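Subject: Structure for you to look through

Hello,

Here is the structure that I promised to pass on, with the sequence beside it. Please open it first and keep it in view while you read the notes below.

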Amino acid sequence: MTGMDTEAPAPPTRRPVRQLLAASVGNAVEWYDWYAYTFLATYIADQVFPKGADNSLVPLLSTFAVFAVGFFMRPVGGLLMGAIADRRGRRAALTVTILLMGGSSLLVGLTPTYAAAGVLAPVVLVLARLLQGLSVGGEFAASTTFLVESAGPGRRGLFSSFQYVSTTAGQLVASGIATLLVDTLSEDRMNGWGWRLPFVFGAVLSLVGFWIRQGAQETRSTEQQRAPRPALFEALRRHPRESLLICGITAGGTIAYYTWTSYLPTYAELNAGVAKSDALLAGTISLAFFGLLQPLGGLLSDRFGRRPLLLFFGVGFALLSVPLLHSLRDSFAVLLLVQCAGMVLLTGFTSISAAVNAEVFPPRVRAAGIGFPYSLTVALFGGTAPYVGTLFKDLGHSGIFPWYVAVLCLLSSLVYLRLPETAHKELRR
């Protein structure tokens with residue numbers, strides 16, 4: 001890949017386990033805060049947005065629209081925090097992102113209701129989600145680079161897998177807490193104050209993540225630290241092909257990921273009549289299964305290469321998205337099987353996404369180079385998935401959404417076919 005053989009490698013980090021812990025714990029906290037919003041979307045819709053006079057889906061559509069708006073700050077976060085990581089160091093960027101996420105999570109928890117504050121309520125929620133988007137976009141850019149640069153020889157895939165191990169851990173805690181609250185609190189209490197508790201808890205967890213990250217070792221090489229700082233848009237200007245490649249790699253992966261890990265419980269409620277508590281429980285179990293699969297996928301990629309796993313994912317989803325989603329009905333067992341089947345296929349992408357992205361860009365602009373095109377693609381296709389799926393349902397064409405997922409995965413598969421294999425090439429730092 002461009003720029004991979006132009007610089008001497010830096011020695012591997014001396015404390016790889018501690019590096020994994022620093023990246024993973026902070027990343028889990030970041031994604032817990034981010035996904036708590038998704039799992040509690042129906043409660044937020046009831047409290048923060050005005051109810052439509054003739055359409056009960058209006059508040060939910062508004063909630064998912066705010067979810068999508070947050071995603072469109074992620075490219076900005078990827079660019080700005082990626083630039084900090086490339087100029088000031090990976091650890092500095094990771095410190096900023098965790099504090100920013102903690103503050104925005106607290107703001108969500110303190111958002112007033114529409115009945116109490118009128119239009120100010122959705123304004124506060126939008127502001128909180130914009131800040132969360134800024135943080136999450138920067139988190140992926142910095143932690144992806146940090147994880148892969150911390151890996152020893154022949155272990156980039158394994159270390160890469162912890163990006164989604166920790167992401168899944170954050171989702172799992174968010175889903176588990178949401179399920180626990182739904183099962184133990186009355187509907188009135190959940191609507192009144194129960195939905196706020198996970199966001200306040202997330203703000204506290206962010207302080208824990210900040211403390212752990214203070215002990216991380218910087219992975220940027222001494223040569224890079226002494227070199228002139230890259231310009232803000234240098235990655236885009238000097239590496240346009242690599243930027244487009246990141247978009248192609250990510251498009252299918254992000255729509256499949258957000259459909260299966262975030263939107264599927266709501267999709268099952270809307271289209272198959274699955275009870276809310278059953279949908280959340282199935283999501284929690286399948287997320288635990290998904291997290292356990294990630295290191296296996298990373299190890300397989302270190303042994304056999306990145307491209308076989310990417311094609312397993314892309315072709316699998318292109319062929320099976322429609323039959324899997326169309327098979328959903330009012331059954332907990334069927335929903336769980338559909339979710340777990342998707343998680344197996346999805347592992348081919350998620351377990352090695354960080355490694356593949358990091359292997360595309362040279363070290364000078366690696367974080368910013370990954371952050372902007374990746375986050376932009378996620379915003380366009382992943383962040384809009386819940387909104388698009390709910391909109392198709394609202395328009396009476398819910399059967400189109402599975403085809404939408406399948407087509408994007410097919411297009412990404414065409415990119416994977418032409419992707420150079422980088423698993424056994426040395427990563428320059």
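A polar contact is a pair of N or O atoms within 3.5 Å, where, within protein, one atom must be able to donate a hydrogen and the other to accept it, and where residues adjacent in sequence count only if both atoms are side-chain atoms. The side chain of glutamate 359 makes such a contact, at 2.8 Å, with the side chain of arginine 306.

Before going further, please note that this is a predicted model, in which local features need pLDDT of at least 70 and side-chain atom pairs count only at pLDDT 80 or more, while totals for chains, interfaces and linings use all residues. Residues are numbered from 1 along each chain as its sequence is written, and side-chain values use heavy atoms, with hydrogens and water left out.

Salt bridges

Side chains of opposite charge can pair when their charged atoms come close. The term salt bridge is used here for a side-chain nitrogen of Lys or Arg within 4 Å of a carboxyl oxygen of Asp or Glu, and a search of the whole structure finds nine of them.

The pair of glutamate 359 and arginine 306 is one of these salt bridges, with 2.8 Å from N to O. Glutamate 359 sits in the loop between helix 17 (353–358) and helix 18 (366–382), and arginine 306 belongs to helix 15 (residues 306–326), so that the pair links distant parts of the chain, 53 residues apart. Helices here are DSSP runs (H or I, at least four residues), numbered from the N terminus. Glutamate 359 is buried at a relative accessible area of 1%, and arginine 306 is buried too, at 2%; buried means under 20% relative accessible area, with exposed being over 50% and partly exposed in between, for a 1.4 Å probe and protein chains only.

Arginine 90 has a salt bridge with aspartate 86, at 2.9 Å from N to O, and another with glutamate 149, where the closest N and O atoms are 2.8 Å apart. Because arginine 90 lies in helix 5 (residues 90–109) and glutamate 149 in helix 7 (residues 120–150), this second pair ties together parts that are 59 residues apart in sequence. Arginine 90 has a relative accessible area of 1% and is buried, as is aspartate 86 at 5%, and glutamate 149 is also buried. Asp86, Arg90, Glu149 and Arg366 are linked in a network of salt bridges.

Helix 5 also holds isoleucine 98, which counts as buried at 0% relative accessibility. The C-alpha atom of isoleucine 98 is 9.6 Å from that of alanine 203, although the two residues are 105 residues apart along the chain.

Cysteines

How many disulfides are there? With a disulfide taken as a pair of cysteine sulfur atoms within 2.5 Å, the count comes to zero. For cysteine 340, the closest cysteine sulfur is in cysteine 409, 18 Å away, which is too far for a bond. Cysteine 409 is in no disulfide either, since its nearest cysteine sulfur, in cysteine 247, is 16 Å away. Cysteine 409 is buried at 0% relative accessible area, and cysteine 340 is buried at 18%.

Helix 2 (residues 41–48) is largely enclosed by the rest of the structure, because six of its eight residues are buried. These buried residues are Ala41, Tyr43, Ile44, Ala45, Gln47 and Val48.

A cavity is a set of points, on a 1 Å grid over the protein atoms alone, where a 1.4 Å probe fits but cannot get out, and its lining residues have an atom within 4 Å of a point. Grid points are joined across faces, edges and corners, and a volume is the space filled by probe spheres set on the points. The structure holds five cavities of 30 Å³ or more.

The largest cavity has a volume of about 90 Å³, and its lining includes Ala41 and Tyr43. Helix 13 gives the largest share of that lining, four residues.

The second largest cavity has a volume of about 60 Å³. Ten residues line this second cavity, and those closest to its centre are Val356, Glu359, Leu419, Pro420 and Thr422.

Best wishes

Definitions and conventions: Helices (H or I, at least four residues) and strands (E, at least two) are DSSP runs, numbered from the N terminus. On a 1 Å grid over the protein atoms alone, a cavity is a set of points where a 1.4 Å probe fits but cannot get out, and a pocket is an open set with protein on both sides within 12 Å along at least five of seven lines; lining residues have an atom within 4 Å of a point.
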